Amino acid sequence: MFLRGCRVSRGTLLAGCALGGAIAPPACPSAAAQQHVELVLPAPPGGAPFTGRAFLFVSYAPDATQEPRQQSGSSATSQPFFGVDVAALPAGGSAVIDAATLGFPRASLAELPAGDVMVQALFLPYTEFRRADGRVVWAHMDEWAGQRFNDAPGAIVSAPRRLRWDPASAGTLRLEATRVLPPVDPPRDTEWVERFRITSARVSAFWGHPMPLGATVLLPRGYRANPKKRYPVVYQIGHFSQRAPFGFTLDGCDRPETEAQRAARLRRSARETGCDFARAWTKGDVPEMIAVYLLHPTPFYDDSYVTDSPNHGPYGTALVQELIPEIDRRYRTIAAPHARLVTGGSTGGWDALALQVRHPDVFGGAWSLYPDQVDFRRYQFNDIYADTNAFVRVEGPHLVQEIPSSRDEAGMVRLTVRQESQAELVMGTRARSGGQFDGWVAAWAPVGDDGYPRPLWDKRTGTIDRAVAEAMRAGGHDLRAHLEANWATLGPKLVGKLHVAVGDMDNYFLNLACYHLEEFLERTKQPGRGPYYAGSFTYGRPLKPHGWQPWTNQELLRRMAHHVVEYAPRAAPRAVTRR
C-alpha cells in the first residue's frame, strides 16, 4: 500500500516530511514507498464530534492471545505503533497514518519490514476541562483504570486484523473502530479488603469536573470482633492499582511456588509472595495494623505525586485534608501522627518521602523503596541543572554518547532517553502520554503558554529548558534541595523518620540520587548542621535491580510497629507538690 507524492497526514506531529532535531521519521521517502492507513470512526459514542488521539498498532509477535494494542508502549519490547491527535472528528471521519507520522520503536511506516502482522486501530477520547486557573485543556479523564492509553475504558477499537504487510504493495488500508472498551470491573470487597471513593472538593474545583480519590483498605485480624479497638495505619502509595496493600491475596494460593520461581524472586528482592503475606496476615502473625493503598490518578498520569501542582491541582492538600480524614472517619484508626506511617516503591517511594517531608505533623515515618529521583542532579542519569541536553553527553571533540534511561542488572542499556521520549511523543502530545517523563513534568513543572505542562526538555531535540529545572527546584520537588534549604525547621520534626532502600543496579539509575540525599543527611551529624537525621539508607548489593526490597513485607510491618511504640507520645509527668 502506498501513495503517489509526498504529503503529511492530518494531526501528525510534523509540519513537513522531515523533522529537524534528534527525533524524526526519515525524510520524505520515494513516491513508491509512501504508506497510507485510514483509521475510521463510524459513530463516536454519544454522537458528539470526537477529540482525542488515534493509534495504529502493528504486531509481528506470534502471540495471538493479546490484541496488538496490548503489546505496545514505552518499553524495549514494544511492538510498533503510531499516533496522531484528532480534533472534532465527525461520525464517519478518519485519522490518517502515513510515512510522515511518528511511531515507536520504528519511527515511520516506511521502516516496517515485510511480514505477517496483526493490525488494530484505537481512538482514545479526551475530555475538555475548563480549569479554575482559566486554562482550557483536553486530556484523558481516567476511568479508574490508571491512565493506560492502550487499554482505557471508553476507548474505541477496531477488530484485530491479520494481513501480509508489504511495503511495495499499492492501496489504502482502512480500519474501522466500532467496539467501545468496557468500564473496569472492580474487585469485590471481602471480609479483609474494602474499597471506597470520594469526590475531592478541592481537586474538582480546580478541574471544573468531578475528580475522585480512593482507597483500598486491608483490615487486621480481629478488627470486627473488637469494635472498640483502634489501630495504627500504614499508608502504601504508588502507581494506580486496586489490588490489596502489600500484594495480599487469597486467590491462586492452592498453586505453590516452584523452587525455580522462588529462587528467581529472591534474586530480586526479599519480598514474599502475596499468598505468603496473606497467610501471615490472616493468622495474626504480623502486627495488628490497618493497611491502606491510596488512589489518586489525574488527567495527566496515574499518580499525582501527592503534591499541589499548577498543572494537576491541589492533590497533596486533598489527600491530607480530605482523603485521610475520611479514612479516619470510616475506620478505627489511631488518628495521630505517630500512628500514621507511609511506604511505597518507585513513584510511591518518592511519594512516601514527599508526604513525610511536606507533612511532618501528619505522618510519623516513611519507608521509601527505590524512589524516583530525590535529587535532580541525578534526574535518572542527567543533571538537569548543569546539562544542556537530555539525549546526549559530549565526551570529547569527536565523541558523543547517548544517555541511557534504563538498563538491565548487568548494566546493558535497554532504552535511551531519546527513545523513551520518542515513545511518549507517540503516546500523546502536550504531556498527555501517561508516560513517566510526562508524569514528572505534570507534577513538578510550571504551566506552559498553551496551558499544558511546560516540557523539561524538547522531546525531539533533547534540549533542556533550564528555567523549568529551576522552577521545579523552587517548587520544592527536588527533595534533597528542599530538605537542605529547610533543615533548620524540618530537621527536628524528621529525626528517625526517613528510611530509604534501593538496589545498587536500579534499572532506572535511581540509586544515584539516593547517594546524594544520604550524603546531605549524614552531614547533619556535623556540629552546627543538626539535628542528625538518625534514619537509614540500605543498598542492595550486588546487582540488585529496581523493585529490590531488603525485608519481607511482614518484617517491614514489624519495623513500623516498633516505630509506632517508640515514637508514641509519653504521658506528661505529674507535677510535684513541694512542702
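Trainee: How many cavities of 30 Å³ or more does a search of the whole structure find?
Mentor: Two. A cavity here is a set of points, on a 1 Å grid over the protein atoms alone, where a 1.4 Å probe fits but cannot get out. This is a predicted model, where local features need pLDDT of at least 70, side-chain atom pairs count only at pLDDT 80 or more, and totals for chains, interfaces and linings use all residues. Residues are numbered from 1 along each chain as its sequence is written, and side-chain values use heavy atoms, with hydrogens and water left out.

Trainee: What lines the largest cavity?
Mentor: Its lining includes Leu124, His140, Phe149, Pro299 and Arg432; lining residues have an atom within 4 Å of a point. The space inside is about 60 Å³, a volume being the space filled by probe spheres set on the points. By class, the lining has four nonpolar, four polar and two charged residues. Ala, Val, Leu, Ile, Met, Phe, Trp, Tyr, Cys and Pro count as nonpolar, Asp, Glu, Lys and Arg as charged, and the others, Gly among them, as polar.

Trainee: And the second largest cavity, what lines that?
Mentor: Pro220, Arg221, Trp281, Gly284, Val286, Pro287 and Glu288. About 30 Å³ of space lies in the second largest cavity.

Trainee: Switching to helices. At what angle do the axes of H5 and H9 cross?
Mentor: Roughly 45°, with the axes of H5 (residues 347–358) and H9 (residues 479–494) coming within 11 Å. Helices are DSSP runs (H or I, at least four residues), numbered from the N terminus, and axes are lines fitted to C-alpha atoms over the stretch in contact, with angles from 0 to 180 degrees between N-to-C directions.

Trainee: What do you call that arrangement of H5 and H9?
Mentor: The two are oblique to each other, because angles under 35 degrees count as roughly parallel, over 145 as roughly antiparallel, 65 to 115 as roughly perpendicular and the rest as oblique.

Trainee: Which residues meet there?
Mentor: Trp350 and Leu353 are among those in H5, and Leu483 and Leu490 among those in H9. The contact (heavy atoms within 4.5 Å) has eight nonpolar residues, two polar and no charged.

Trainee: Last one: what does the chain average in pLDDT?
Mentor: 92, and 92% of the residues score at least 70; pLDDT is the predictor's confidence in each residue, from 0 to 100. Where pLDDT is low, the predicted coordinates should not be read in detail.

Methods
On a 1 Å grid over the protein atoms alone, a cavity is a set of points where a 1.4 Å probe fits but cannot get out, and a pocket is an open set with protein on both sides within 12 Å along at least five of seven lines; lining residues have an atom within 4 Å of a point.
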